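Subject: Structure handover

Hi,

Here is the structure I promised to pass on. Please open it and keep it beside this email while you read.

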Amino acid sequence: MAAANRAIRLRHRPEGSLRDGDLELVEEPVAEITDGQALVRNLVVSVDPASRFWMGHPRAFMPPVPIDAVMRSIGVGEVVASRRADMRVGDVAVGFTGWQEYCVADDSQLEAPLTVLPAPLPAPPSAFVGVLGHTGISAYLGVDHLDPKPGQTVVVSSAAGAVGSVAGQLAKLRGARVVGIAGGPGKCRHVVDDLGLDACVDHTDPAWRELLDAATPDGVDLDFENVGGDIMDHVLMRLNRNARIFLCGMISQYNAGSDRSGWRGLVNIDQIHMQRATMRGFIVTDHLDRWPEAIEHLAGLTVAGKLRADETVVDGLENVPAALDRLFSGGTTGKLVVHVADRSTATPAG
Ligand SMILES: NC(=O)c1ccc[n+]([C@@H]2O[C@H](COP(=O)([O-])OP(=O)(O)OC[C@H]3O[C@@H](n4cnc5c(N)ncnc54)[C@H](OP(=O)(O)O)[C@@H]3O)[C@@H](O)[C@H]2O)c1
């Protein structure tokens, strides 16, 4: 048994971007498990835009992480010791394992029970925090809600990101015209050439508003919204009558400050009224009953070569804070995951 657990604890609630000292990497003894518990070693941990608002948003969909607690995160880990009947050593499980190496799987202590994945594992562990996990499932449920049809125009913001890249491809598979928004010419090329979207607008180009107008000559029927702020505001001005918005997230606002002093309001919100539009707020964990259906669909498309799932992999738990910063500076493509450890039991994928 390992002697030490490395864990990232929240020491201060950040104001704006993360600063040195907000998080601390600590080394502490690995907990001794008792009856009803298992010890899970994280293989990968997820770094998400939500990680930022879990550090301090006073009114998010989950309470903020308590000061000095291990940071909340989804992860995929391997059971390395077990005193519970439903988890065997060598099993791989997904859930809120936290930014740490070892998580005690005790249903009475965790925010939600971990889910044991099928053996042999049908995909690499990282897929279960990505295309077959909360981000891919958000894309699937969002596109299912929007229900794009041929002849309609869909806009997807952060189109090269974890959720957006899958959402854009799924909308395209349903025959709609799909316009992505992403940061930089390289990402935009990737969105069109590799993900197959019809067009992609570079929001770092000073003329991005005009470019978005030109890319949506027939207006916007459906908006898969990941970014919020100025970008969403301009999309509002492009809405067609009876347009629908799937509000998955607003990453551009997550560093705005807990008092919201930096918050960018939506000037064009009147367009919801004028265009008789509807907007749906969404949290993927509210729909656990639909996760199996989503995973089956996404896995089928991936295996058939119809869905591409890119990842940015960062090595080492100690690099989690820097990885989080990359989400806000556009330094990732596809799903951002941090690799923590390799599997100790060699169970072949397939
Ligand atoms: N509702 C749910 O249950 C749920 C679940 C998962 C994720 N989400 C939300 O979905 C959205 C995407 O999440 P994700 O995990 O897929 O992350 P992601 O899109 O992979 O996030 C990183 C990307 O966001 C873009 N970005 C960051 N700051 C920006 C800004 N100020 N303006 C424009 N673009 C900006 C950057 O891309 P560019 O380089 O292209 O600008 C960056 O690479 C987030 O809002 C997240 O909160 C919601």
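Where is the place of Pro-120? Look in the loop between strand 7 (115-116) and helix 2. Before you go further, remember that this is a predicted model. The reason to stop at Pro-120 is its peptide bond. A cis peptide bond joins Ala-119 and Pro-120. Its omega is about -5 degrees.

Another backbone detail sits in a loop too. Asp-68 has a phi near 80 degrees. That value is positive, and Asp-68 is a residue other than glycine. You will find Asp-68 between helix 1 (49-54) and strand 4 (75-82).

**The ligand**

Now go to the ligand. How many residues surround the ligand? The count is 28. The closest are Ser-158, Val-163, Lys-187, His-203 and Val-284. Sorted by class, the shell has 15 nonpolar residues, 12 polar ones and one charged residue.

- Ser-158: an N or O atom in its side chain is 2.7 Å from an oxygen atom of the ligand.
- Tyr-254: a polar atom of its side chain lies 2.9 Å from an oxygen atom of the ligand.
- Phe-282: here the backbone takes part, with an N or O atom 2.8 Å from a nitrogen atom of the ligand.

How much of the ligand does the protein cover? On its own, the ligand has 910 Å² of accessible area, and the protein covers 90% of that.

**Helix packing**

Helix 2 and helix 3 have axes 8 Å apart, at an angle of about 40 degrees. Why is helix 2 called oblique to helix 3? Angles from 35 to 65 degrees fall between roughly parallel and roughly perpendicular, so the angle of this pair makes helix 2 oblique to helix 3. The crossing of helix 2 and helix 3 is right-handed.

Next, look at helix 5 (residues 208-215) and helix 6 (residues 229-237). Their axes come within 11 Å and cross at roughly 40 degrees. That angle makes helix 5 oblique to helix 6. Helix 5 and helix 6 also make a right-handed crossing.

Best wishes

Terms used. Residues numbered from 1 in each chain as written. Predicted model: local features only at pLDDT ≥ 70, side-chain atom pairs only at ≥ 80, totals over all residues. Heavy atoms only, no water. Near = heavy atom within 4 Å. Polar contact = N/O pair within 3.5 Å; in protein donor to acceptor, adjacent residues only side chain to side chain. Areas by Shrake-Rupley, 256 points an atom, 1.4 Å probe, with all protein chains shown as cover. Nonpolar A, V, L, I, M, F, W, Y, C, P; charged D, E, K, R; others polar. Axes fitted to C-alpha atoms, helices over the stretch in contact; angles between N-to-C directions. Helix = DSSP H or I, 4+ residues; strand = E, 2+ residues; numbered from the N terminus. Parallel < 35°, antiparallel > 145°, perpendicular 65-115°, else oblique. Left-handed = near helix turned anticlockwise from the far one by under 90°.
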